[in-house]
Amino acid sequence: FGDEDQRNDSLVNIFDDDEQNKDLILDPKNKIFEVTQLSEELKKAIRNYVLVIATRIHRKDGDEHNSMLINFHYRTALIKNMKIAVQLYVSDLRKAIKGFGSLDLEQGLQNSHIKDLHETFKEEFAAKEVIEPYEDIQAYLFKALTMLEVLAVHTGGDFIDYGDDDDDEPPKYIIAIGGFSLGRGYTLEGL
């Protein structure tokens, strides 16, 4: 993969979130884990990924598959719970962009999700001297969010089909959630 300096891609970020495990609850009597919420760091990583997709679409550089990996846990039930939690968060972002994304920035920032997207853009993109202003990228967020798929990758889980190279199908934008399966030679395009 090369080191970060060799990739020469100002849109690549790596988030390491050990905080997510703090949001798991354990019932010692029944040995049941469940995902109760997403950590703020994971939400930020998801927003960053959505902004990357929107930026690539804006630059007309969005014709290749692109993936985000959440290497989470080995238990299938937890992977499924995490998938639902991520889908709900992506859905919340989609609704916010649909409802507030076409407003001028000052009005749009009244919505907490728009405000979070804008803050993530300032922290992660402006700091890397991305030349596009947030308003230009925001115009592509709804398209990015509607094309995004959240998949649980585990034995018996979702299958990622990128299609053939000859297909005229649009690129896949995927958030892949998994554990051991992702560490055993599973290939994610555009990671």
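Contact, in this tour, means heavy atoms within 4.5 Å. The model is predicted: local features need pLDDT of at least 70, side-chain atom pairs count only at pLDDT 80 or more, and totals for chains, interfaces and linings use all residues. Residues are numbered from 1 along each chain as its sequence is written, and side-chain values use heavy atoms, with hydrogens and water left out.

**The whole chain**

Begin with the whole protein chain, coloured by secondary structure. It has seven helices and five strands; these are DSSP runs numbered from the N terminus, helices being H or I with at least four residues and strands being E with at least two. Along the sequence, the pattern reads α-β-β-α-β-α-α-α-α-α-β-β. Of the 191 residues, 42% are buried, a term for a relative accessible area under 20%, while exposed stands for over 50% and partly exposed for values in between (1.4 Å probe, protein chains only). Among contacts between residues at least 6 apart in sequence, 73% join residues at least 24 apart.

**Glu-132**

Select Glu-132, in the loop between helix H5 (112–125) and helix H6 (134–138). Is Glu-132 buried or exposed? Its relative accessible area is 9%, so Glu-132 is buried. Now display the side chain of Arg-59, which a polar contact of 2.7 Å joins to the side chain of Glu-132. A polar contact is a pair of N or O atoms within 3.5 Å; within protein, one must be able to donate a hydrogen and the other to accept it, and residues adjacent in sequence count only if both atoms are side-chain atoms. Apart from neighbours within four places in sequence, Glu-132 is in contact with Thr-55, His-58, Arg-59, Phe-121 and Ile-137.

**Lys-60**

Next, select Lys-60, in the loop between H2 and strand S3 (66–71). Lys-60 is not a glycine, yet has a positive phi of about 60°. With 70% relative accessibility, Lys-60 counts as exposed.

**Helices H2 and H3**

Two packed helices are described by the angle between their axes and the distance between the axes. Select H2 (residues 40–58) and H3 (residues 76–100), which pack at an angle of about 55° with axes 11 Å apart. Axes are lines fitted to C-alpha atoms, for helices over the stretch in contact, and angles run from 0 to 180 degrees between N-to-C directions. H2 and H3 are therefore oblique to each other; angles under 35 degrees count as roughly parallel, over 145 as roughly antiparallel, 65 to 115 as roughly perpendicular and the rest as oblique. Which residues of H2 meet H3? They are Leu-42, Lys-43, Ile-46 and Arg-47, facing Met-82, Val-86, Tyr-89, Val-90 and Leu-93 in H3.

Select Phe-125 in helix H5, which counts as buried at 2% relative accessibility. Phe-125 and Leu-51 are 74 residues apart in sequence and 8.8 Å apart in space, C-alpha to C-alpha.

Finish at Leu-145, in helix H7 (residues 141–147). Leu-145 counts as buried, at 0% relative accessibility. Beyond its neighbours within four places in sequence, Leu-145 is in contact with Val-50, Val-90, Leu-93, Arg-94 and Ile-97.
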